[in-house]
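Open the structure in your viewer and get ready to select things one by one. This tour tells you what to pick next and what to look for there.

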Amino acid sequence: MDLLRRSWTIVWKDLLIEARTKQAFNAMVFFAALVLFIFSFALGPDTALLQQVSGGLLWVGIAFTGILSLNRTYQSEETSGGIEGLRVYPGDPRAIYLGKLFGNIIILLAVEMVLFPAAAVLFQIQLLPHALELAGVAILGTIGFSIVGTFYAALTVNLRAREVMLPLLLFPALIPMLLGAVNATTLIVVGDPMLDSGIWIRLLVAFDVIFFVISLWIFPIALEE
Amino acid sequence: MSSIRLNNWHVGWNSSRAQEAAITPTSDPGSAVELVGFSKRFGWNRVLRGIDLRVDRGTTLALVGPNGAGKTTLLKCLATLLQPSDGAGTVCGFDLRKEGDAIRERVGLVTVRGYVYDDLTAEENLRFSARMSGLKLEPDEYRAALARVGLERVADQRVRTFSTGMRKRVVLAQLRIRPLELALLDEPYAGLDTQGMALVDEFVREFRETGTTVIIASHQAGEATRAAEQTLILKNGKLSPMDHDEAARSHLSFDSLGASEV
Amino acid sequence: MTSKSGLANVIGIAALALFLAGSFVGLFVVPADGMQGDIQRLMYVHVPAAWLAFLSFFVVFLMSVLYLIQRDLRWDRVAQSSAEIGVVFTVLTLALGSMWGKPTWGVWWTWDPRLTTTAIMLAIYVGYLAIRSFADDPDKRARWAAIVGIIGFANVPIVYLSVIWWRTLHQPPSSPRSVSPEILWTLMFNLAAFTVIYVYLMMRRIRLAKLEGELEQRMAYHG
């Protein structure tokens, strides 16, 4: 489909540029690890406590790191004439949203591949026995974060106080996703005798679907000039 | 004398009626651009005020005017990057408000700086442009396109290392690989040396030969602008035919022939 | 124009009268709840304030949709007014909820679903008003605000459901059977009174927004 092909072209372009400049990825990994380290430092050596809150800390770390990625999403268009450079082509402008969305998901997931092991070490949690479920939660949560984040990033890209407006708009909108991801992760890691994680995973899926539809639908209006 | 033709339009002086009743300018196959009462404002700043314009297919329009007059805005509107605030228009027979996609398929825009990515090579930029336009080309077609603009030796170098002129040539190559009905050139001569300007003139000549309509917004005179069938001045948001006093006042020097001697 | 402001005045007086009557009854006439004591009387302001906070936000949502469809700035003015009034009532709801919570549960704040959702809604409201301050162009401003308003409102039910799954501390909604008829009627009366207050405030604020718009337009042409 033409829409997907054009989205993929944008992803290809962004990942290629990222691979060459390595700006965002390195900064993000560093920042994420630092955040986790500070958390574990601040909470002290109580292993039981760290394990209980590990899910929350991990996802807060991912959220903060994700914001860095989002800021960069449309920034990278700046030197090449802004987002006009993408809007000037024929085809559904939603390809821009999809392209940026996939790009963000890929980069964030790449960072998480470093982050989860780091968390395992710092918070003394066992990840390997539940690797598959955790991967599932990570993917669903990252997708949810990126769906809403990519949209709001497009909206705030030209604002003067972008760095404040993006978190201000984004975080309230992310609450359901955070609840789902944090609770599912914690339950998987700490133990889930009553299999409650199912509820949270369903919440994540619902969140992802609902906001994907809404964002995709409204995106062209956000791009209007 | 005036380039305004109002055949078949039932437009009252209230141009927003034109928009509501979908009374569009006639989609006459002979017209590349038709604007009726076209306005564009940013907030309360009215950049384009009630412009009427017709450009016949295959012809060239030279647009002159002082800095900030709105030439770039007009070109961007025609490229559907900006939505009209008022009035109606068609490009290549398609409505500006509702059929933007069809317009973008047929129109190419060259801006002053160009939509080019510094960290991609010349060829990659071309490939990106082609794919986003829905084209699939062979690698040697990209090479050929770059050779056409004299960049075949630096095809695999990142654009970051290019001079302004070389960058501009990448932009021209991007324009050239697409089949176009209308080419919009914003200050095409800017930043180019004699050879570069000759290249622009060549391209415009080729466009004219293949029946592509060309609109050039330029401070500088060149062979392409001199060959234009229509020359209009954009001033205070309004279009008017050019007269030579006007030209002098808007600092347009048709005397700078040296730049475009071929 | 005079008849409109005349109507607003009438409604304003009615609002004031209803509010005073409702407060009087709530404070002095109706007997206090057996278990909670006098602090329960806060409910007569807290519940209507909460109702208005959500109603205001719903109006913001509706107006945002209407604006995006019709691009008429009138809808945007209504949305803006409703958002501003809604913020006030949201803060009031939270403050009163907090005040009520201290003697009842012993804490200033709990993560119960309704309070939490209200707090998040406040954040969304603030975001809505904040993004308006960044655009000078009234059409752009209206468009951005409308987008934020729509997504923000869509979020509220989802947040509410999530937090319910997460916590269940709040009082289950008082069903008519478990509450004495006098308390119920007083509550309904106050609800009506507050709704009239909302209408009055909206009328005034919308008119003000219209004047602000005209002033903006004039300054732009002469400035």
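Helices and strands are named here from DSSP runs, helices being H or I runs of at least four residues and strands being E runs of at least two, numbered from the N terminus. Keep in mind on every stop that this is a predicted model.

**Stop 1: chain B as a whole**

Start by selecting chain B. DSSP gives chain B 9 helices and 10 strands. Of its 262 residues, 48% count as buried. Among the contacts in chain B with a separation of 6 or more, 71% are between residues 24 or more positions apart.

**Stop 2: the six-stranded sheet**

Next, color the strands of the open sheet with the order β6-β7-β8-β3-β9-β10 in chain B; these 6 strands show mixed pairing. At the edges you will find β6 (107-110) and β10 of chain B, each pairing on one side only. Look along the sheet, and the twist from one strand to the next averages 20 degrees.

Now zoom in on β8 (213-217) of chain B. Is β8(B) mostly covered or open? It is mostly covered, with 5 of its 5 residues buried. Show the side chains to see both faces: Thr213(B), Ile215(B) and Ala217(B) are buried on one side, and Val214(B) and Ile216(B) are buried on the other.

Select Asp186(B) and you will find its bridge partner in β8(B), Ala217(B). Follow the chain from β7(B) through α7(B) to β8(B), and you trace a right-handed β-α-β crossover.

Keep that helix selected. α7 (residues 194-210) of chain B lies across β3 (60-64), β7 (182-186) and β8 of chain B. Its direction is at about 150 degrees to β8(B).

**Stop 3**

Move to β9(B) and β10(B), which run antiparallel and are joined by 4 bridges.

Then pick Asn236(B), in the loop between β9 (230-235) and β10 (238-241) of chain B. For comparison, most residues other than glycine have a negative phi. Asn236(B) has 13 other C-beta atoms within 10 Å, so it counts as partly exposed.

**Stop 3: the four-stranded sheet**

Stay in chain B and select the open sheet with the order β2-β1-β4-β5, whose 4 strands pair antiparallel. Its edge strands are β2 (45-56) and β5 (94-95) of chain B, and each pairs on one side only. β4 (residues 86-91) of chain B pairs with β5(B) in the antiparallel sense over 2 bridges. To see one of these bridges, select Thr90(B) and its partner in β5(B), Asp95(B).

**Stop 4**

**Stop 5: a loop residue in chain A**

Select Gln124(A), in the loop between α5 (94-123) and α6 (131-156) of chain A. Its phi is near 55 degrees, a positive value in a residue other than glycine. With 14 other C-beta atoms within 10 Å, Gln124(A) is partly exposed.

**Stop 7**

Finish with α8 (residues 197-223) of chain A and α5 (residues 138-166) of chain C. These helices pack at an angle of about 175 degrees, with their axes 11 Å apart. α8(A) and α5(C) are therefore roughly antiparallel to each other.

Show the side chains where they meet. From α8(A), the residues include Phe207(A), Ile210(A) and Ile214(A), and from α5(C) they include Ile151(C), Ala154(C) and Trp165(C). By class, this contact has 14 nonpolar, 1 polar and 1 charged residues.

Technical notes
Residues are numbered from 1 along each chain as its sequence is written. Chains are lettered from A and ligands numbered from 1 in the order in which they are written. This is a predicted model: local features need pLDDT of at least 70, side-chain atom pairs count only at pLDDT 80 or more; totals for chains, interfaces and linings use all residues. A residue is buried if 20 or more other C-beta atoms lie within 10 Å of its own, exposed if 12 or fewer, and partly exposed in between; C-beta atoms are placed from the backbone. Two residues are in contact if their C-beta atoms, placed from the backbone, lie within 7 Å. Two strands pair if DSSP finds at least two bridges between them. Axes are lines fitted to C-alpha atoms, for helices over the stretch in contact, and angles run from 0 to 180 degrees between N-to-C directions. A crossover is right-handed if, with the strands pointing away from the viewer, the path from the first strand over the helix to the second runs clockwise. Angles under 35 degrees count as roughly parallel, over 145 as roughly antiparallel, 65 to 115 as roughly perpendicular and the rest as oblique. Ala, Val, Leu, Ile, Met, Phe, Trp, Tyr, Cys and Pro count as nonpolar, Asp, Glu, Lys and Arg as charged, and the others, Gly among them, as polar.
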